[in-house]
Amino acid sequence: MARIIVAGGGHGGIGAAALLAKSGYDVTVFEKNARADMGYDWTDIFDKKGLFAVGLDLPAKEKYAFKNDMTFVCPSGEHRLRQHTPEDQLEIQMERKDIYDMLISHAEECGVKFAFETPVLGPVMLGNRVAGVRTEKGVEYADLVIDACGADSPVRSGLPAYLGVPGKTGPYEKFYVYRAFYERTADIPEDNFKVLLLHNNVLGISWVAAEEEHTDVLIGRFEPFGMEEVETELASLRKEFPELGEKRVRGGQFVTIPVRQALETMVADGYAAIGDAAFMTVPLIGSGIANSLKAARMLADTVVSDTNGEFSAQTLYPYQRRFFAELGAGLAPIACIKLMLTKVTSREVDYLFASGILNEGDITMGADTTSIFAMTGGMNPVALKIKAAGLVKDKELLKKIGWMAGRIASVVSVCAAMPKVYNKKALAAWAKAYRKCFEI
Ligand SMILES: Cc1cc2nc3c(=O)[nH]c(=O)nc-3n(C[C@H](O)[C@H](O)[C@H](O)COP(=O)(O)OP(=O)(O)OC[C@H]3O[C@@H](n4cnc5c(N)ncnc54)[C@H](O)[C@@H]3O)c2cc1C
């Protein structure tokens, strides 16, 4: 049976590894971290259907909770909009380490081998084909390399340019984040999970989420930042939110989250990217666990259908097609919204909230809402009238929203025109048109 290497223990990579090992493939995951260091010291929120996609069930009841709705706060702090997620779309919240425990033990039961503490350095090419990976412990050959090394994957960035798989990220494609849990020093407020947009007029977000054991803080920016800025922001947040204490009880790392549209070319001969390595997160909020796990099912189905074991760009392309059809085409317009948000001022965001241009329906992004098309809650005729009335009063904002609407219209039609079958030239032309939708 064919040998498959998963480079990096990303969620989607491990999910695909489990499905493929169960189908009889010889699968090994090469991961730089030790087993005990897998996952971060924090909780994550994701669509439970991701677990079902890779053959898992919900964990024991004490291992997860349903997520509370978020309350978005405008820069001046004067207006708030709260999500109202339908009950059947509520996402679950789990410890990241518990998610990894579930995925890894399931994969091991399916027959996946893990090589921990084995950093991957780059791809091994044989002619035009990816034939394996270089690791710190030597070269490993395989019939297929699944790249689950995250956004800065050395496999993806080491691929020759002629394969068409983008190597590096561009501006506004990564979010720099500080996350930590602090002592909770007041009762849990009714709107416990607040997301502050352009807080203190800085391009980025901060969130403060009071939970039973702690208050969870995330500070995110489009540029790297340090502890000095964290301390300034924390001091400001403490003045507004008494539930945020001084003592840090967990976490405290700086990390990055990809917020790019999905890769325009995610397959090559002998290669497929998944998860953050293929930029499968929701570009506005950076959630990527469920999408990676759903993609794992798509990739495993495609690999199993390749009964000749070619694993070429052509035979792997149905994976990319399916990903775009089910998720990627819906994520792409959200990347256009993200770009528009990098252009608006604090005053304009305040106005979006105050005028009703943005309403609670718009920001109710439920578990199924990895697509802008599901954000229809705020688009009823009355709401549309309010939005239009608000926009005509602010010409500058209208221009920016018009720019975004034009980009969304383009990317929707470009995604619909994605080549149905693999053709290198046609895919390269399509990828160029897709990239153009996100130029700033
Ligand atoms: C602060 C923060 C909060 C987040 N919150 C959420 C959330 O609530 N919900 C949600 O859905 N998503 C969330 N995300 C995003 C989520 O973590 C990712 O989208 C998701 O994990 C999919 O990424 P991945 O597993 O493919 O990649 P990664 O999480 O980057 O995993 C890549 C793996 O590859 C390994 N690796 C990297 N380089 C090498 C190498 N050279 N050799 C070998 N191994 C390597 C890494 O150690 C890691 O194990 C959050 C991310 C951050 C940073």
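Mentor: Before the sheets, one rule: two strands pair if DSSP finds at least two bridges between them. Also keep in mind that this is a predicted model.

Trainee: Okay, what is the strand order in the open sheet of six strands?
Mentor: The pairing in this open sheet is mixed. Its edges are strand 8 (113-115) and strand 18 (267-268), each pairing on one side only. Reading across the six strands, the order is 8-2-1-12-19-18.

Trainee: What about the open sheet of three strands: which are the edge strands?
Mentor: This sheet has antiparallel pairing and the order 3-7-4. An edge strand here pairs on one side only. That gives strand 3 and strand 4 (65-66).

Trainee: Which residue in strand 7 is the bridge partner of D44?
Mentor: Strand 3 pairs with strand 7 (residues 92-95) in the antiparallel sense, over four bridges. The partner of D44 in strand 7 is M94.

Trainee: Which strands does helix 3 touch, and what angle does its direction make with that of strand 7?
Mentor: Helix 3 (residues 96-110) packs on the sheet of three strands. It touches strand 3 and strand 7. With the direction of strand 7, the direction of helix 3 makes about 85°.

Trainee: How far apart are the axes of helix 6 and helix 7?
Mentor: Two packed helices are described by the angle between their axes and the distance between the axes. For helix 6 and helix 7 (residues 313-341) the angle is about 145°, and the crossing is right-handed. The axes are 9 Å apart.

Trainee: How many nonpolar residues are in the contact of helix 6 with helix 7?
Mentor: On the helix 6 side you'll find M298 and L299, among others, and the helix 7 side includes L316 and F323. The contact also has two polar and two charged residues. The nonpolar count is eight.

Trainee: How is the chain divided, and what distance separates the domain centres?
Mentor: There's domain 1 (3-64 + 93-168 + 261-329) and domain 2 (174-258). Eight residues from domain 1 and nine residues from domain 2 make the contact. Taken over C-alpha atoms, the centres are separated by 30 Å.

Trainee: Last one: which residues come nearest to the ligand?
Mentor: The shell draws at least three residues from each of domain 1 and domain 2. By class it has 14 nonpolar, 13 polar and five charged residues. Of the 32 residues around the ligand, the nearest are G8, G10, G150, G275 and G288.

How values were computed: Residues are numbered from 1 along each chain as its sequence is written. This is a predicted model: local features need pLDDT of at least 70, side-chain atom pairs count only at pLDDT 80 or more; totals for chains, interfaces and linings use all residues. A residue is near a molecule or strand if its C-beta atom, placed from the backbone, lies within 6 Å of it. Ala, Val, Leu, Ile, Met, Phe, Trp, Tyr, Cys and Pro count as nonpolar, Asp, Glu, Lys and Arg as charged, and the others, Gly among them, as polar. Domain bounds come from an automatic or database domain assignment. Helices (H or I, at least four residues) and strands (E, at least two) are DSSP runs, numbered from the N terminus. Axes are lines fitted to C-alpha atoms, for helices over the stretch in contact, and angles run from 0 to 180 degrees between N-to-C directions. A crossing is left-handed if the near helix is turned anticlockwise from the far one by less than a right angle, and right-handed if clockwise. Two residues are in contact if their C-beta atoms, placed from the backbone, lie within 7 Å.
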